[in-house]
Amino acid sequence: MKPLNIGMIGYGFMGRTHSNGYRQANRFFDLEYHPVLKAVCARSADKAQAFADQQGYESIETDWRQLIARDDIDAIDVCTPNNLHKEIAIAAAQAGKMVLCEKPLAMNVAEGVEMCEAIEKAGVPNMVWYNYRRVPAVALAKQLIDEGRLGKIFHYRANFLQDWTINADVPQGGAATWRLDAEAAGSGVTGDLLAHCIDTALWLNGGIQDVSAMTETFVKERVHAETGAKQAVTIDDACMFHCHFDNGSLGIFESTRYARGHKAMYTLEVNGENASLRWDLHDLHRLEYFDHSDDSIVRGWRSVHVSDGDQPYMGNWWVPGLQIGYEHTFIHQVADFLKSLESGEPVQPNFRAALETQKVCDAVLASAKERCWKDV
Ligand SMILES: NC(=O)c1ccc[n+]([C@@H]2O[C@H](COP(=O)([O-])OP(=O)(O)OC[C@H]3O[C@@H](n4cnc5c(N)ncnc54)[C@H](O)[C@@H]3O)[C@@H](O)[C@H]2O)c1
């Protein structure tokens with residue numbers, strides 16, 4: 001097997017999911033390349049070392065530029081807050097490293113364009129971690145749509161609901177709450193949550209032409225975790241938009257961190273002339289499917305338990321009837337990335353594809369701000 005030396009930047013939530021993906025991929029998929037956990041980078045040496053010891057990294061760095069400069073690193077994995085994606089990804093590409101970047105690709109389209117240009121000029125393999133494409137039930141939805149089973153598609157709707165910022169005492173900024181600080185995150189729920197819904201929608205249902213959006217910031221001021229000062233909140237706490245897809249269908253999307261009772265409720269539904277499907281992250285191994293051609297006396301929504309060997313990715317797991325979960329989406333994404341190195345076929349979504357999501361996010365934010373329709 002060919003080693004692929006990984007340099008990971010950031011040891012938070014995504015640092016953990018990706019590290020697990022690198023360790024597991026070869027145990028379940030036949031792959032020519034195998035990831036080697038070469039180094040992890042974080043600003044605190046103690047924390048980086050503790051993470052390295054726990055996750056199995058061989059070494060640590062405290063400056064990401066030092067990590068990128070190392071000859072023994074093949075691929076840089078960007079698991080930092082959004083405001084660092086551009087600088088790190090461009091530097092890594094210029095150093096000839098492969099780049100695996102967390103989503104959203106960038107803070108905005110202008111940054112994303114620069115990143116695409118740098119990565120394409122360097123000609124290095126690249127990928128953005130829109131992992132929900134690798135949920136077997138979502139991949140099955142893609143298969144059913146591509147096979148034409150739904151027929152002409154009329155409607156696409158998606159929600160991503162959370163409730164963790166309702167308390168006005170939650171601070172903004174800093175290690176735990178950078179998502180509430182526009183300087184670090186770029187936007188609120190639009191780039192954080194709707195970006196996932198948009199990426200899946202573009203994958204399942206094609207391009208989006210134009211959008212009409214509204215956003216709201218319910219808590220207007222929060223203490224900044226680093227300065228202690230009360231500052232205006234400039235992210236979107238909630239966002240809703242509707243849109244036209246290139247295929248003539250209508251889309252409606254909603255995301256908020258103020259839906260009491262919901263922790264990470266990502267749902268999507270697609271309605272076609274012949275069939276409909278829907279999926280829910282809280283029950284991620286099931287795909288609900290309605291086929292109008294069924295015999296009318298038994299016609300109804302069926303709940304497909306996506307665990308059989310002939311369903312996407314499942315042939316690599318247990319036996320039919322036994323399900324997998326969230327962490328496996330990252331294992332699948334690592335496996336697909338490694339396979340793309342064998343085949344030379346770019347893995348999706350790459351930077352260029354993730355830029356399409358960024359364009360929709362920017363159009364959504366501009367539409368809400370200017371209170372008018374925006375072309376993507
Ligand atoms: N694909 C997904 O489903 C998904 C889920 C969560 C987060 N994300 C994305 O992943 C990225 C990271 O999010 P997270 O939830 O892991 O955040 P996190 O706060 O848990 O971790 C961020 C990490 O970045 C490190 N960091 C910050 N500045 C740094 C610097 N200058 N040098 C080195 N390390 C630095 C922090 O120390 C921390 O380890 C974000 O872009 C986020 O949008 C994606």
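Residues are numbered from 1 along each chain as its sequence is written. Because the model is predicted, local features need pLDDT of at least 70 and side-chain atom pairs count only at pLDDT 80 or more, while totals for chains, interfaces and linings use all residues.

Start with the domains. The assignment gives domain 1 (2–130) and domain 2 (132–375); such bounds come from an automatic or database domain assignment. The C-alpha centres of domain 1 and domain 2 lie 23 Å apart. Their contact takes 36 residues from domain 1 and 37 residues from domain 2. Two residues are in contact if their C-beta atoms, placed from the backbone, lie within 7 Å.

Now look at the side of domain 1 that touches domain 2. Elements giving two or more residues to this side are α1, β2 (33–41), α5 (109–122) and β6 (126–128). Helices (H or I, at least four residues) and strands (E, at least two) are DSSP runs, numbered from the N terminus. Helix α1 gives the most, with eight residues. By class, this side of domain 1 has 24 nonpolar, ten polar and two charged residues. Ala, Val, Leu, Ile, Met, Phe, Trp, Tyr, Cys and Pro count as nonpolar, Asp, Glu, Lys and Arg as charged, and the others, Gly among them, as polar.

Follow α1 to helix α10 (residues 326–343). The axes of the two helices come within 8 Å and cross at roughly 65°. Axes are lines fitted to C-alpha atoms, for helices over the stretch in contact, and angles run from 0 to 180 degrees between N-to-C directions. The crossing of α1 and α10 is right-handed (the near helix is turned clockwise from the far one by less than a right angle). Residues of α1 in this contact include Thr17, His18, Tyr22 and Phe28; those of α10 include Glu327, Phe330, Ile331 and Leu338. The contact of α1 with α10 has eight nonpolar, six polar and one charged residues.

Helix α1 (residues 13–28) also gives the largest share of the shell around the ligand, three residues. In total, 21 residues surround the ligand, and the closest are Gly10, Gly12, Phe13, Met14 and Glu102. A residue is near a molecule if its C-beta atom, placed from the backbone, lies within 6 Å of it. The shell divides into eleven nonpolar, six polar and four charged residues.
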